[in-house]
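Open the model in your viewer and keep the selection tool at hand. This tour says what to pick next and what is there.

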Amino acid sequence: MKANVSSSREIVPTKALSSLFTPKKLLTWTGIPIIFVIFLLPIYRLIALSFQKDGAFALTNYTTILQDPTTWSVIQNTLIIVVGSTAISVTLGVSFAWLVAYTDLRAKKLMQIFIILPFVIPSYISTLAWTQFFGASGLFQKVASLLPFSVPDINLYSLAGIIFVLGLSHYPLVYLLSVSVLRKIPRELEQATRVSGASRWTTFLKVTIPLALPGIASGGFLAFLANLDNFGIPAFLGIPANISVLSTYIYQQVVGFGPSAFANAATLSVILGVIALLGTLFQWLLLRKSKRIETTTEDKQPRYYLGKKKIWIEVMLWCFFLLTGVIPLVSMAMTSLLTAYGVDFTLENISLKNYQFILDTSPKAKQAFFNSVTLASLTTIIGIVVGTAFAYYRIRKPNPLNKWTEISIGLPYALPGTVMALSMIFAWMEPLPGWNPGIYGSIMILFIAYITRFLILQVRGSITAVMQVDISMEEAAQVSGSNGWAKWRKILIPLLLPGVLSGAFLVFLTALTELTVSSLLWSSNSETIGVVIFGYEQAGYSTYSTAFSSLIVGLIILGFFLLYVLESFWNRKVGKQS
Amino acid sequence: MSKFKLGVAALLSIGLITGCAAQGETTDSGDVSGDLSFYTSQPDVDAEQLVTAFNEKYPDVNVNVFRSGTEEVISKVMAEEQAGDVQADVLLVADSVTFESLKEQDMLLTYKSEEAKEIPENFVDPDGTYTGTKVMSTALVVNTDNVSEMPTSWKVLTDSDSSGSTIMPSPLYSGAAAYNLGVLTRNDDFGWDFYENLKNNDITVTEGNGAVLKAVASGEETYGMVVDFIVARAEAEGSPVKLVYPEEGVPVITEPIGIMKNTQNEAAAKAFVDFVLSEEGQKLAAEIGYTPIRKGVEAPEGLRTIKDMNVLEADIKELYQAREDDKKQFSELFGE
């Protein structure tokens, strides 16, 4: 991408930035160090811990762990699972994005909501629903027994099962970051290729994919990190099958809080970080091949008419959504209506008492809802500003410093939540020796932790958006006299908005239901939604936890509707202006 | 000033203000008041009731509760220790083995509460660093839709009739399960053979006690090994489960309470411990749904009092020292 940016062009982005942040150096001298402190301090503490033995520098943690055959089988499991599930996520995400962006399918808006659902439903709910579905008395067996041929038993408690459920839970990340990119690819390019005699498939491979690569690679990378970090799914499905991955294995080390436990956990986390770096490298290699797009408006008109196949594709898609989004959701909603867990779903066993408890009796739920919404909103807003500014800087003026910054922003998202939370304690209890600013123990620590962990979602979303805008657009604005703020307001913000919003949407959703980090860092009065749901689960009150989850998912769907309306309203407005 | 600068300034000032507030709090060791940080693994609602009752007696103490699973609570305490300052004043988590490890690291304060005299001797640390607060046994949970005749023995889990329909929590993830593993393998009636038989009988191993109860209540599994009080609660709510105390006896954890050595508010911490162990505090525990530990306080409906239980025990020190090896052996056994 560097070849695209000639030296004379480099003046332009600097100006654009300086118009936003004056004096120009301010960004470099305050922004970058702050990002460094927030992201690198916890990681630094973690790495330091992994090189310590009895208070002195040592490599023993690494030599011991790397000589243990268990470590290697755990790493092997992790690689198989992460690569497999990311492949599923990318395939599904790109396919759906292509179908929604290019074809004449009906009810796309509704479809989009169902595509997002698997990402919104808490993973302990979806895993439970899947195991029930494939279980001995589940729907799958019932349908299978009706078929004339025999269907092999599906055992979810296996490597394949973990890959399957993880892949399904994270494909929305790929979808969200790819769909707007696909829409921006000029149809003329594809038509030209087709006219020149290329088949549809060749056009897809040679034109569509390279142009859409920024989105696909960003989404794929996020899915990769999410699959790497996920604890709930490999714990639930892996423990019975005795399959450990790094995230669960690290948790085991942390739980075995002997004198060496933290050092072991830290060492394993560094190994996990190395795997995340490999992912970054792969993504970087991919992106070198991507191409910039000249036009930048979203084209929502269908490009491929599916004809007779349309109805069949639609039926297949809706069956898929029904299975992946609706069944877990319905099973969750059904449980939330039961008077007690495990009773049959009959009229006399149904009541709203769980909802009454959540909405009325328990002051905790309301407090947690308020806290989570505040935290998620603040994180999202800061993310939009800082993340987009950084993304712009990163793409328009690439240098080693911001490349490394991007990597450090990505790491906290890949580390298991438990480890991340513990290193936040190391880092923020006494950021400087002997100085305890009281950040740890207040809600501030959660706020910092969320930014640390989720900023990458915004950065990736915004990078994808910025990569889509060819620099010539900015130059054109400049030539026609729009400078500085006017350029941002009139050209960049409207063009970037859809991509930036996808990122913001991910940040908000993830922060809203975050569990592991909050559960270790919260204290009285700063409970979050995730902590309260987890608390009910642990106390054996599954009916309360499902009721609270159902409410949250319901609100998210509602919010999603609102966002969609807002976005299409905005697009129409921008469309009119141009 | 640019927006970015403003944002940074706002962030910093929030940090400073909260920082000052936290540092400005003074603690008074003379009377019972001030802040008290209480870390516990008890369910939220229960911790809340305990604090409310305590505040009726000591209204000037502001109790901050942190609640999570025992493992997370301890991880947090250890991380705080590593970072240089343990924030917890009072700790109440699952089992004495956990406390033994903290005691070994010299993190606990010695305090011999007057109230502890009414508590069975074997549940009180002779050095006074921790005291049991209730009795929680691990017993059998049975799905009443799947079977009508209740089993009486742990053997039902290894019986070929129940092959593939039993479940237990993993000692690698659950502290209570790790305790059970230690006790049962050191007991002549069970030993490692018992766990080998469990494995041969195709038992499902899951994360924690909550997951065991869920699997049995939903009918997915028929028998489970689980901590007693959550079954009694689910039973009372109407779930199709029944709690059975096997005749061979049950391993018991006591949710001990202890004070951290570097507590900032010793007076309040001691008052809190006294309150939990007092007759009033113990009656409250029974009301909430636990088997109390103090002599003369009755257990709630559905649960047995300690004197009616056949308790399986093992040496706490030995359990503490062998825990890592036990876990290792378990994961090797179930890994094959």
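Start with the charges of chain A. Select its 41 positive and 24 negative charges; their mean positions lie 10 Å apart. Keep in mind that this is a predicted model.

You will find 24 helices and two strands. Why call chain A compact? A compact globule of 578 residues would have a radius of gyration near 25 Å, and chain A agrees because its value is 24 Å.

Of the 578 residues, 59% count as buried. Next, look at contacts between residues at least 6 apart in sequence: in chain A, 80% of them join residues at least 24 apart.

Move to chain B. Select strand β6, residues 166-169. Are its faces covered or open? Both are covered. B:Thr166 and B:Met168 sit on one side, B:Ile167 and B:Pro169 on the other, and all are buried. In a regular strand, side chains alternate between the two faces of the sheet.

Strand β7 of chain B, residues 204-206, runs parallel to β6(B) and is joined to it by three bridges. Here B:Met168 stands opposite B:Val205. Then select strand β8 of chain B, residues 223-227: it is also parallel to β6(B), with two bridges between them. Finish at B:Thr166, whose bridge partner in β8(B) is B:Tyr223.

How values were computed
Residues numbered from 1 in each chain as written. Chains lettered and ligands numbered in written order. Predicted model: local features only at pLDDT ≥ 70, side-chain atom pairs only at ≥ 80, totals over all residues. Heavy atoms only, no water. Helix = DSSP H or I, 4+ residues; strand = E, 2+ residues; numbered from the N terminus. Rg over C-alpha atoms; globule rule 2.2 N^0.38 Å. Buried < 20%, exposed > 50% of the residue type's maximum accessible area, 1.4 Å probe, protein only. Contact = heavy atoms within 4.5 Å. Lys, Arg positive; Asp, Glu negative; His and termini not counted. Charge placed at Lys NZ, Arg CZ, Asp CG, Glu CD. Pairing = 2+ DSSP bridges.
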